[in-house]
Amino acid sequence: MENQTNNISDEVLLSEISKRVEKYKNAVDNLNMMNKQLLDLNQKLAESEAMKSHFISNITNEMINPFASILGLSKSIVDCPDADVERMKRMAMMINREAFNLDFQFKNIFAAAEIEAGSVEPNISVVNIDELLGSLMDNYSREIELKKLQKVLVNKSEQSPLLFKTDGDKLTIVVSNLLCNAINFNRPNKVVEIAYGINDEGNLWVSVRDEGMGISPENQKIIYDRFRRLDNGINSINRGHGLGLSINKAYIDFLGGTLELETEENVGAKFTITIPESQMGSNDYSDEANEVFFGGEEIF
């Protein structure tokens with residue numbers, strides 16, 4: 001009887017030891033997994049800090065250089081002889097271009113700050129899409145001319161003028177970013193095109209197409225990332241700070257639409273926005289709108 005009792009006790013003891021070893025093994029596995037997650041998080045934080053540092057350097061150039069140019073050119077105009085009207089006109093045009101680019105940069109920065117804070121508010125109205133897109137093309141005429149591009153603006157709907165109920169301010173920023181990229185990354189003597197219309201579901205679509213170098217599969221994975229640019233050189237001839245497409249994605253999500261890319265290397269790229277017509281005014285949006293569209297998380 002005593003041997004049987006000892007045998008039973010040994011079996012129980014071995015079973016208990018086995019259970020504890022298994023628990024210890026699981027604890028070690030969980031610890032290793034947590035350690036790996038922490039290492040991955042640390043790497044992502046380091047990459048994020050590096051991108052932010054580059055962003056600050058880049059945006060400093062984008063802000064300081066135009067201001068310096070405007071100050072220098074305006075002083076030159078003041079000191080210019082009254083008879084040299086043509087020279088003053090050329091300098092005034094340069095000031096206008098620098099101020100236009102600076103205004104564009106500020107609008108993107110303010111939009112990014114608004115999205116980051118989760119305080120995006122709708123401003124719904126009936127928008128004349130013909131006028132909105134026509135004005136954008138006119139605003140960028142100087143940039144298009146300097147790049148020696150051919151501009152094309154075509155309304156493919158049966159409505160003229162095309163009226164659509166949406167947030168015109170956000171649509172303007174979205175198309176401006178796409179148009180700016182289409183100009184910057186295009187090749188001389190090529191086409192930059194804006195086409196638009198209404199699809200079978202009654203949604204507005206706007207496409208911006210260029211005939212540049214296109215976007216590689218690798219770059220397609222990062223174009224919507226905050227602070228990322230396809231050309232990361234601080235002294236790049238292509239202006240921008242890597243916020244444009246991330247802002248576009250957030251705004252288009254807010255409007256309940258989609259943003260699609262068609263591209264082929266050495267052929268060009270076409271971005272197409274599709275947004276539904278708003279069924280409500282700004283007063284119909286609740287304070288929970290940002291939670292609905294952004295899920296309480298960072299969009300970019």
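Asn266 is placed in the loop between strand 6 (258–264) and strand 7, where helices (H or I, at least four residues) and strands (E, at least two) are DSSP runs numbered from the N terminus. The phi of Asn266 is near 70 degrees, a positive value in a residue other than glycine. At 48% relative accessibility, Asn266 is partly exposed; this class lies between buried (under 20% relative accessible area) and exposed (over 50%), with a 1.4 Å probe and protein chains only. A positive phi, near 65 degrees, is also found at Asn189, in the loop between helix 5 and strand 4. Asn189 is exposed, its relative accessible area being 63%.

The model is predicted: local features require pLDDT of at least 70 and side-chain atom pairs pLDDT 80 or more, whereas totals for chains, interfaces and linings use all residues. Residues are numbered from 1 along each chain as its sequence is written, and side-chain values use heavy atoms, without hydrogens and water.

Among contacts (heavy atoms within 4.5 Å) with a separation of 6 or more, 74% join residues 24 or more positions apart.

Apart from neighbours within four places in sequence, Leu133 is in contact with Leu153, Val175, Ile194, Tyr196 and Val206.

Helix 2 consists of 32 residues and spans 46 Å from its first C-alpha to its last, close to the 46 Å expected at 1.5 Å a residue; the expected span is 1.5 Å times one less than the number of residues. Its buried residues include Met88, Met91, Glu98, Asn101, Phe104 and Ile115. Just after helix 2, Gly118 adopts a positive phi of about 70 degrees.

The peptide bond from Ser160 to Pro161 is cis, with omega near 0 degrees. Pro161 belongs to the loop between strand 2 (150–155) and strand 3 (163–167).
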